[in-house]
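Biologist: Hello! I am new to this structure and would like to learn how to read its features. Could you take me through a few of them?

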Amino acid sequence: MATDQRLRDFFPPPPGLVESAHINNRDVLARMADQNLEGFWEEQAKEFEWFRPWTRVLDDSNPPFYQWFVGATTNIVYNCLDRHVRSWRRNKLAIIWEGENGDQRTFSYHALNREVCMFANVLRSMGVHKGDRVTIYMGRIPELPVAMLACAKIGAVHSVVYGGFSVEALHGRIEDSQSQVVITCDGGYMNGKIVELKNIVDEALKRCATVEHVIVVRRTGQPVTMESGRDYWYHELMTLPVARTASGNSRCETEEMDAEDPLFLLYTSGTTGRPKAILHTHGGYMVGVATTLKWVFDLKEEDRYWCTADPGWITGHSYIVYGPLLLGTTSFMYEGAPTYPYPNRWWSMVEKYGINILYTAPTAIRGLMRYGEAWPNRHDLSSLRLLGTVGEPINPEAWRWYYEAIGKGRCPIMDTWWQTETGMFMITPLPETPLKPGSATKPFPGIEADVVDENGNSLPAGEEGYLVLKRPWPAMLRNIYNDPDRYVSQYWSKFPGVYFTGDSARKDEDGYYWIIGRVDDVIKVSGYRLGTAEIESALVSHPAVAEAAAIGLPHDIKGNAIHAYVILRAGFEPSESLIEELRAHVAHEMGPIARPEKITIVSQLPKTRSGKIMRRVLKARAQGLPEGDLSTLEE
Ligand code: WTA
């Protein structure tokens with residue numbers, strides 16, 4: 001009886017897919033990796049070009065400061081572009097792009113490489129050197145990957161700030177990274193409106209002094225202020241002699257980087273304080289990202305692949321920019337909102353471009369699902385062969401809709417669990433894996449995960465606990481930029497020697513993992529990762545607010561929505577208009593995604609005796625749940 005029930009819960013892979021997949025022996029690979037982790041990753045690393053080979057695959061002599069491919073040199077861009085333009089792929093499409101207003105642009109590997117080389121020359125001419133940080137704050141246009149690749153090519157470290165963030169979020173990230181150059185656009189199109197990116201940059205720069213140059217891509221054409229001597233138009237710079245070599249051609253030498261040299265910083269929210277910059281490197285990141293993408297989405301030379309994420313988040317870094325280019329893939333990229341001008345926009349583009357692999361987020365699926373099946377049914381979606389999700393647990397109802405209405409029951413769903421910190425997929429199906437809606441299934445070969453209790457002891461099947469990772473992996477974060485102590489305390493101290501993910505999960509009797517959600521002060525809003533601390537600090541930067549606490553509460557479409565509780569300063573009276581003003585203030589400082597769903601004005605917040613706000617208590621009260629252990633609550 002139990003077995004029957006279990007079998008009904010499995011969705012087996014469609015016939016034919018497994019036979020032709022790159023990988024159809026997961027258990028064998030997992031066992032191999034278990035026995036010889038270094039040998040396993042070394043095999044994958046041989047797929048790439050290195051200027052100098054490694055002397056050791058993994059140096060684990062100083063945990064948690066692990067190093068991969070020690071002694072090797074390479075450049076991820078060399079593997080994304082240089083080697084392809086020397087092959088037949090030079091004329092293959094790298095990027096097909098569609099703007100929200102219907103504009104279309106395409107880049108072959110040759111064209112993309114040329115653009116990247118010229119922009120890299122421009123950056124060099126502005127004095128950007130190996131190791132320098134560059135902040136990129138743009139809409140979803142092809143110049144965004146171009147800017148990232150141009151930085152990496154010359155060894156500069158990019159820090160992409162999501163274009164949906166606003167003044168204070170941007171300012172904090174520019175200042176922490178000490179960027180001298182910011183690359184932006186005049187504006188971006190989103191949902192039929194213009195996001196005034198350049199104006200936000202101007203406002204952010206009033207608050208910080210490190211930036212010497214701003215490069216502006218023209219996208220919307222609306223008027224912007226250009227500060228003489230500081231601000232330059234991208235299209236003008238690209239026609240100058242500095243974009244070319246002395247002999248006038250558009251080439252640019254790719255910098256030879258140590259495998260462990262930094263590739264990028266990506267700010268993300270954590271438990272406390274200001275956002276932290278996760279540091280990733282050239283060598284290990286390259287190997288981890290490309291291997292996982294190839295195996296999980298079974299990317300074939302002829303596939304058209306679309307990851308709907310924004311390049312401003314880790315999903316965009318790993319699986320829009322670096323992963324697909326490393327594999328020589330043709331990717332599709334779309335600028336705007338999924339429902340603009342109608343809820344069939346995505347499905348019309350799947351049909352128009354013949355997309356084979358679609359990778360998106362549960363929140364987007366839930367958002368589109370509520371418009372009904374008639375919208376996808378207007379389109380021929382038969383090109384699709386694999387689907388994917390990331391960012392938060394997918395509820396079985398959305399899973400089934402995605403599977404039936406979009407995949408027509410033919411396309412397995414790769415529910416990939418991973419993080420900014422992990423750089424690559426960690427717990428994920430492979431095409432051969434029988435699926436259970438809502439489960440990310442099993443760890444990728446070479447990844448050792450577990451669910452443990454408060455003391456770090458493994459929990460039996462069915463019990464909820466902390467999700468941890470027990471062995472290093474090549475695309476792992478190497479540090480928090482300029483804050484190694486925080487790196488150690490945040491990730492490696494709760495359970496010494498073991499990586500703590502911040503998530504809770506349980507395993508079932510088949511060894512499948514079910515991710516439950518964050519156990520720290522991170523809120524996932526529409527799959528976007530926000531920290532309570534940053535939202536609260538945006539609130540208290542308003543003159544009316546004395547204290548604030550933010551929590552996430554379940555929301556049908558967004559997964560979680562932000563609810564904030566504020567105590568007003570003396571002299572301010574609670575009113576609807578003040579609440580509206582506070583919501584708008586958070587959106588202005590942090591970005592529209594951080595706008596609280598609801599703000600409640602209170603006279604007290606539950607605190608511990610040492611003065612820490614007990615968000616857990618607020619959350620329980622708001623949901624009418626038991627408040628748990630209150631022994632530390634102040635009277
Ligand atoms: C959550 C996104 C359930 C999780 C790549 C994790 C998921 C956080 C899944 C990282 C999934 C990501 N199922 N939860 N398939 N994927 N998460 O850094 O809570 O933006 O810790 O990276 O997203 O978010 P981040």
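Modeller: Gladly. Helices and strands here are DSSP runs, numbered from the N terminus. Please keep in mind that this is a predicted model.

Biologist: With those names in hand, where is S526 found?

Modeller: S526 sits in the loop between β26 (522-525) and β27 (528-531). Its phi is near 50°, a positive value in a residue other than glycine.

Biologist: Which strand holds F69, and what is the phi of F69?

Modeller: F69 belongs to strand β2, and its phi is near 55°, again positive in a residue other than glycine.

Biologist: Are these residues buried or exposed?

Modeller: Buried means under 20% relative accessible area. F69 has 0% relative accessibility, so it counts as buried. S526, at 22%, counts as partly exposed.

Biologist: What about peptide bonds? Which residues does a cis bond join, with omega about 0°?

Modeller: That cis bond joins P63 and P64. P64 lies in the loop between β1 (56-59) and β2 (67-70). The bond from Y340 to P341 is also cis, with omega near -10°, and P341 is in the loop between β17 and α13 (345-353).

Biologist: And how many cavities of 30 Å³ or more are there?

Modeller: A cavity is a set of points where a 1.4 Å probe fits but cannot get out. The count is two. The largest has a volume of about 50 Å³, and its lining includes I95, P145 and F332. Both α12 (314-326) and β17 (330-334) give two or more residues to that lining. By class, the lining has seven nonpolar residues, one polar and no charged.

Methods:
Residues are numbered from 1 along each chain as its sequence is written. This is a predicted model: local features need pLDDT of at least 70, side-chain atom pairs count only at pLDDT 80 or more; totals for chains, interfaces and linings use all residues. Side-chain values use heavy atoms; hydrogens and water are left out. On a 1 Å grid over the protein atoms alone, a cavity is a set of points where a 1.4 Å probe fits but cannot get out, and a pocket is an open set with protein on both sides within 12 Å along at least five of seven lines; lining residues have an atom within 4 Å of a point. Grid points are joined across faces, edges and corners, and a volume is the space filled by probe spheres set on the points. Helices (H or I, at least four residues) and strands (E, at least two) are DSSP runs, numbered from the N terminus. Ala, Val, Leu, Ile, Met, Phe, Trp, Tyr, Cys and Pro count as nonpolar, Asp, Glu, Lys and Arg as charged, and the others, Gly among them, as polar. Buried means under 20% relative accessible area, exposed over 50%, partly exposed in between (1.4 Å probe, protein chains only).
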